[in-house]
Amino acid sequence: MENWHQFPHICENIEAKEMQENTFEKSKLDAAYYAVQSFRVRCLVDSREDILKTGRYTEENLDNMTMDLFAQELHKFQFWQKIKNSGSMKWDQIIAYARETGQAVFDVVRQAYEMKYEGLASIEELNGQFSQITATAADPGDIRPIYDQVSKISPHICSGCGMCAGICPLGCITVENGKLTIDETKCIHCGLCFTACPRSFLPKKLVDWLVSHGEAAPVDVQIGSYLEALSAQTKVPDILTVGQDGGVVTTLLYYAFQAGKIDAALGAKMGTTLWKPEPFIMRTKEDAILAAGTKYANNPNLSALPQVKKFSKIAVVGTPCMMQALRKGDIFKLDAKLRDQIKYKIGIFCMESFPYEGIVQIAKQLGTSIENAKKMNINQGKFFITNKDGTVVQAPIKEVTQHARKECHYCYDLTSESADISVGSIGSPAGWSSVLVRTPAGKELFDGALAAGLLEVKKLAEIQPGLPLLVKIAGTKSNNSSKKVLEGLEKKHPVPAYK
Amino acid sequence: MDTADILHAIRSGADAVMLVGCKFGECDYETGNRTAKRHVDFAKRVLDSIGVGSNRVEMFFCSAAESDKLVAAITEMTRRVEELPSNPLK
Ligand SMILES: Cc1cc2nc3c(=O)[nH]c(=O)nc-3n(C[C@H](O)[C@H](O)[C@H](O)COP(=O)(O)OP(=O)(O)OC[C@H]3O[C@@H](n4cnc5c(N)ncnc54)[C@H](O)[C@@H]3O)c2cc1C
Ligand code: SF4
Ligand code: SF4
Ligand code: SF4
């Protein structure tokens with residue numbers, strides 16, 4: 001059996017064949033009949049005017065999204081019929097089916113996952129590889145509706161990424177300080193929030209598959225797929241003084257603006273309340289400098305997606321959960337236009353985030369206050385606050401971790417495995433950032449900044465503590481997350497589906 | 001009436017689907033005609049995307065007094081059905 005990863009063509013977009021008119025294919029019409037009844041498709045049709053009134057989607061945008069969702073449902077039901085007719089299909093048959101129908105293998109596998117989540121089919125694996133899919137439902141009416149309001153799961157496991165608020169066509173979700181509220185009077189129960197949420201379901205294999213371009217790059221179990229592991233520091237003096245670690249994120253944005261590669265970037269800046277970050281849309285390299293520095297309080301960056309949509313070349317900076325949400329949008333083809341506009345996904349490492357009140361508490365516990373704090377950072381197992389007068393206070397992470405968000409314990413991802421390029425401190429010496437260049441887009445950005453003379457760079461393998469520490473800590477985080485998921489399952493709590 | 005009804009008619013062998021509704025603002029069910037129009041617009045896109053062709057479904061609007069319009073609409077649909085290859089799923 002061929003390795004399921006080894007399909008270089010999985011990411012290629014197969015152009016739809018020119019459709020002959022007046023073709024009446026019974027199975028296709030049946031699938032279309034099921035697809036238009038799919039709740040998430042119907043909702044968008046029924047609420048079209050209400051959605052357009054909010055101005056969050058243009059007519060073209062909404063129609064394309066509706067048709068994209070329809071096409072996904074159509075293909076899924078066609079595939080399901082095919083499986084149902086033969087009972088089950090093996091991996092080579094799935095490949096053959098993709099070729100026959102002119103679809104990318106990736107898309108067919110995604111449909112398999114959708115069917116799995118909906119209870120239409122089950123996926124069997126052999127040695128961690130996709131081996132067979134079996135139809136489990138006899139009728140499309142047996143579907144387990146998975147496209148529900150995200151509030152069903154959010155109070156327990158929400159990452160606070162803001163994606164649901166960003167995608168909701170009616171704009172009825174607000175995410176604030178890691179908690180969300182839904183305006184029930186406006187909600188049309190389309191389930192888009194649930195589909196887009198990185199905590200409802202996220203097939204990790206498909207993330208790896210996309211990021212590694214069909215395993216053109218190897219996939220590390222702990223830190224995901226990457227092309228290069230580096231350590232870097234900015235050469236821009238203005239950034240060196242304000243950057244969290246090596247100022248690499250800011251430098252990448254600085255370069256991208258300077259080189260005209262982006263016309264907007266979404267990140268986080270200090271809010272009007274000290275140490276309470278807000279989503280920030282940057283337009284210039286000077287703006288990028290304003291965003292520098294880590295704000296450890298949770299910030300729903302992605303809730304600002306509707307505002308950033310008007311720009312055509314966008315970079316998004318965010319924590320691993322945000323990168324997952326964006327990559328999930330790629331997998332499930334949500335809002336194709338926006339996906340096309342987002343040129344760079346710049347991920348930062350993240351062990352956990354804190355509610356704003358937690359940050360206030362930590363400052364107190366360390367004998368200072370958020371008003372006095374100039375910089376906060378977590379390094380080598382300690383939480384440091386550098387005060388405005390230059391003094392530094394610290395406590396072991398163990399002593400402050402009770403203030404962290406409990407919901408973050410469901411998170412497996414330390415290094416933003418879904419990003420194009422990931423930046424963090426673990427592994428590098430003080431004043432430097434560890435960098436995992438993951439995709440060709442990430443490489444192009446990093447190499448550009450390097451060629452422009454904006455970065456100093458070393459191989460992560462050549463420095464201490466380097467990659468081994470990063471891999472070890474990433475392993476701890478993902479093990480803890482697996483334990484938490486199992487625990488949640490036992491207690492019958494909603495848990496994220498990462499498989 | 002929704003998109004599924006239109007598709008059901010076609011998959012059961014109908015050559016075309018014609019909908020007649022009141023003019024906007026004159027519907028006894030207030031928004032029924034608008035809802036229907038939304039679904040017809042969507043059904044047209046769907047039929048194009050699956051290769052059937054959007055000209056197999058059409059919505060016409062006329063008030064109770066406009067029998068001439070209704071006749072014209074029926075004539076138009078009849079013409080289309082005669083010109084188009086017939087649906088083999090009958
Ligand atoms: C909540 C949180 C927890 C983290 N935990 C770890 C960790 O355990 N280990 C580790 O190695 N690194 C962690 N990091 C990443 C680290 O603090 C640095 O952000 C990273 O090393 C990049 O450094 P830099 O000097 O290149 O960043 P800079 O050049 O200073 O740029 C930082 C960028 O981060 C963005 N940002 C700041 N705060 C937030 C926020 N709350 N949400 C979203 N975006 C934000 C800003 O938009 C800015 O563009 C964490 C970051 C956050 C936000
Ligand atoms: S809250 Fe969720 S289900 Fe409700 S309208 Fe918004 S996206 Fe749809
Ligand atoms: S994880 Fe993100 S998308 Fe999911 S409910 Fe929380 S804020 Fe919304
Ligand atoms: S730990 Fe995970 S869920 Fe929590 S903020 Fe970081 S990336 Fe998001």
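Which residue forms a salt bridge with A:Lys179, and how far apart are the closest N and O atoms? The partner is A:Glu407, with the closest N and O atoms 2.7 Å apart; a salt bridge here is a side-chain nitrogen of Lys or Arg within 4 Å of a carboxyl oxygen of Asp or Glu. This is a predicted model, in which local features need pLDDT of at least 70 and side-chain atom pairs count only at pLDDT 80 or more, while totals for chains, interfaces and linings use all residues. Residues are numbered from 1 along each chain as its sequence is written, chains are lettered from A and ligands numbered from 1 in the order in which they are written, and side-chain values use heavy atoms, with hydrogens and water left out.

**Domains of chain A**

- Chain A is assigned domain 1 (4–142), domain 2 (150–196) and domain 3 (204–490), with bounds from an automatic or database domain assignment.
- The centres of domain 2 and domain 3 of chain A, taken over C-alpha atoms, are 23 Å apart.
- To the contact (heavy atoms within 4.5 Å), domain 2 of chain A gives 21 residues and domain 3 of chain A gives 20 residues.
- About 1,600 Å² is buried between domain 2 and domain 3 of chain A, and carbon and sulfur atoms give 56% of that area; buried area is the accessible area (1.4 Å probe) that two parts lose on being put together, summed over both.
- On the domain 2 side, A:Cys161, A:Met163 and A:Asn177 lose the most area to domain 3 of chain A, together 33% of what that side buries.
- The count between domain 2 and domain 3 of chain A is one salt bridge.

**Salt bridges**

- Over all chains, the structure holds 40 salt bridges.
- A:Glu49 pairs with B:Arg38 in a salt bridge, the closest N and O atoms being 2.3 Å apart.
- This pair crosses between chains, from helix H3 (residues 48–54) of chain A to helix H2 (residues 32–49) of chain B; helices (H or I, at least four residues) are DSSP runs, numbered from the N terminus.

**Ligands**

- Around ligand 1 there are 31 residues, of which A:Asp245, A:Gly247, A:Thr250, A:Thr294 and A:Lys295 come nearest; near means that a heavy atom of the residue lies within 4 Å.
- A polar side-chain atom of A:Thr294 is 2.6 Å from an oxygen atom of ligand 1.
- A backbone N or O atom of A:Gln244 lies 2.8 Å from an oxygen atom of ligand 1.
- The residues surrounding ligand 2 include A:Cys168, A:Cys172, A:Cys187, A:Cys190 and A:Cys193.

Methods. Helices (H or I, at least four residues) and strands (E, at least two) are DSSP runs, numbered from the N terminus. A polar contact is a pair of N or O atoms within 3.5 Å; within protein, one must be able to donate a hydrogen and the other to accept it, and residues adjacent in sequence count only if both atoms are side-chain atoms.
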